Amino acid sequence: MADNKPRAGATHPLDLNAVLAEEFNLLHAPVPGDAALGSNARLGEFYAAVHGLRARGEPRTALCLSGGGIRSASFALGILQAFAQRGLLDHFHYLSTVSGGGYIGAWLSAWRVNAKNDDTVMNALSNRQPDEYKEPDELRGLRSNSNFLTPELGGLSADTWTLVALYIRNLLLNWLIYLPLIVGVLLIPFGTEAVLESARRWSAAWCHLVLALTALLFLLALTSSVRGRLGKDGAHRVDQTRFLLFELVPVYGASLLLCIYAVVTPQILGDEWAWLGVHGPVKVAMAAGAALYGMAWMIAFLGYSGRWQDIFVPTGHDPAPPWVLLIAWVVAGALAGALIGWGFDIASQSAANGDRPMRPIVVFGVSWVAVSMFLAASVYLGLTSYSGRGDVEREWIARSSGWFVALALGWAALTALVLYALKPGPLATMPIAGSGASSLSVAVPAPWRPASGPAQKPSRQPPASP
């Protein structure tokens, strides 16, 4: 290693490259014809020089010990002993450590320097000693001083109570950051219920807007779904991030809006919506589902797959023309619409009766829409199982269906637990208080913030982090 004494006449600290160059030159004296690494050598030159040692018959091997506090140090000690027992430890040329690995690595390095004889160290680590039942002083000292967080134990020890105080403080600080988010999520069902209750008093204009937004969100989600399957190249495919943003989130939003629209029954809005009662929500929703699915398929096909003439021309790997897939997708849309319309009818009737009519709609509304779309996708796969695109579509729809099932079960479980087991009163104030505390902790200037690690005090060993 290069010595760390200040150089005569040095006016500034050496940079990393200069230290690495001097270390390399000391460890591997250049052979005739090879120039030594300069102090301004680039990392690429270090890489070439280290790998060039193999050509000189000097392959290099490194032992890397990872971090993890005293647990990683204990694990690393066992690794060192196992390597020593098999005669492998002295074959490593470099030692790289971090955190807990650095704790045991520094101990090994100090032992080697003090012993000035690697054979003594290897024999002690591998228990190859005259008295095999006597543990080396270095190992015994390591085990005796491994409790570096609380060097002095006992109920009256300041170290013990400092550790307890630090644990409580850090726990509270972490909860002040995460608790508002958790409570905010728990308040979503209460907010949804409150919106549904107020929707009964909305005007017809607001209901028109809700219906239009619902259709647009469903159209966006369906277009993203078809695009993910029909994209002509990788650039037009939909990855998981796009799926979550442009399919799952819009379906969730549309489901909530549809629940709002469902509670506004024809009786509340008057004769303007009498046609809905005449034709029936199931028939109307079936037609709307078929139309939205068909529009989404055409938009995705023309935008990301081919021209409108290509709809009637079979592709090389698919004997059926694309219009067959379109028909199957429209049938699936009609089924999804019928199921959603059935649920819409039940929700509308429930909204007009009962003491707490909104809670079942909140719990099952989003889940019903997600399950309806999952069942429609399953029927679509059955209708197109013979298609040459079958493998691609099965993989895509299976993945998306998994997310829909997760949405259905997760939303139903969350809302049922919150609405039927919790009360909104105490929860309502916690996000406000927690958010204020979080903002205050961020706004406090750095020099006045409490330290995150143990308080430093004079001791026989340097402080270490857990």
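On a 1 Å grid over the protein atoms alone, a pocket is an open set of points with protein on both sides within 12 Å along at least five of seven lines, a cavity is a set where a 1.4 Å probe fits but cannot get out, and lining residues have an atom within 4 Å of a point. Grid points are joined across faces, edges and corners, and a volume is the space filled by probe spheres set on those points. The views below come from a predicted model, in which local features need pLDDT of at least 70 and side-chain atom pairs count only at pLDDT 80 or more, while totals for chains, interfaces and linings use all residues. Residues are numbered from 1 along each chain as its sequence is written, and side-chain values use heavy atoms, with hydrogens and water left out.

**View 1. The largest pocket and its lining.** Here is a space with a volume of about 700 Å³. Its lining has 21 residues, and Phe 92, His 93, Tyr 94, Leu 95 and Arg 112 lie nearest the centre of the pocket. Helix H1 (16-27), E1, E2, H4 and H5 each bring at least two residues to this lining (helices, H or I of at least four residues, and strands, E of at least two, are DSSP runs numbered from the N terminus). H4 gives the most, with four residues. By class, the lining of the pocket holds twelve nonpolar, four polar and five charged residues. In this scheme Ala, Val, Leu, Ile, Met, Phe, Trp, Tyr, Cys and Pro count as nonpolar, Asp, Glu, Lys and Arg as charged, and the others, Gly among them, as polar.

**View 2. Helix H4 and what covers it.** The 16 residues of H4 (residues 100-115) should span 22 Å at 1.5 Å a residue, and the end C-alpha atoms are 23 Å apart, which agrees; the expected span is 1.5 Å times one less than the number of residues. Gly 100, Gly 101, Gly 102, Ile 104, Gly 105, Trp 107, Leu 108 and Trp 111 are the buried residues of H4. Buried means under 20% relative accessible area, exposed over 50% and partly exposed in between, with a 1.4 Å probe and protein chains only. Strand E1 (62-65), helix H3 (69-85), strand E2 (94-97), helix H5 (118-125) and helix H6 (137-144) are among the elements covering those buried residues. Just after H4, look for Lys 116, which takes a positive phi of about 55°.

View 3. Gln 81 is found in helix H3 and counts as buried because its relative accessibility is 17%. Gln 81 touches Leu 125, Leu 139 and Arg 143, not counting residues up to four places away in sequence; contact means heavy atoms within 4.5 Å. Ile 70 also sits in helix H3, but at 33% relative accessibility Ile 70 counts as partly exposed. The C-alpha atoms of Ile 70 and Ser 99 are separated by 9.0 Å, although these residues are 29 apart along the chain.

**View 4. The largest nonpolar core.** A nonpolar core is a set of buried Ala, Val, Leu, Ile, Met, Phe, Trp, Tyr and Cys residues joined through side-chain atoms within 4.5 Å. Among the 60 residues of the largest one, Leu 196, Trp 297 and Met 373 touch the most other members. Helices H7 (158-199), H8 (204-230), H9 (240-263), H12 (281-304), H13 (322-351), H14 (358-383) and H15 (390-421) each supply at least two residues of this core. H9 gives the most, with twelve residues. Leaving out residues up to four places away in sequence, Leu 196 touches Cys 259, Ile 260, Val 263, Met 358, Ile 361 and Val 362. A second, separate core of 18 residues includes Ala 76, Val 121, Met 122 and Leu 142.

**View 5. The cavity around Glu 247.** By this rule there is one cavity of 30 Å³ or more, and about 130 Å³ of space lies in the largest cavity. Of its 16 lining residues, Ser 225, Glu 247, Trp 329, Ala 377 and Phe 404 lie nearest the centre. H8, H9, H14 and H15 each supply at least two residues of this lining, which has eleven nonpolar, three polar and two charged residues. Glu 247 lies in helix H9 and, at 3% relative accessibility, counts as buried. Glu 247 touches Ala 221, Ser 224, Ser 225, Arg 242, Trp 396, Ser 400 and Phe 404, not counting residues up to four places away in sequence.
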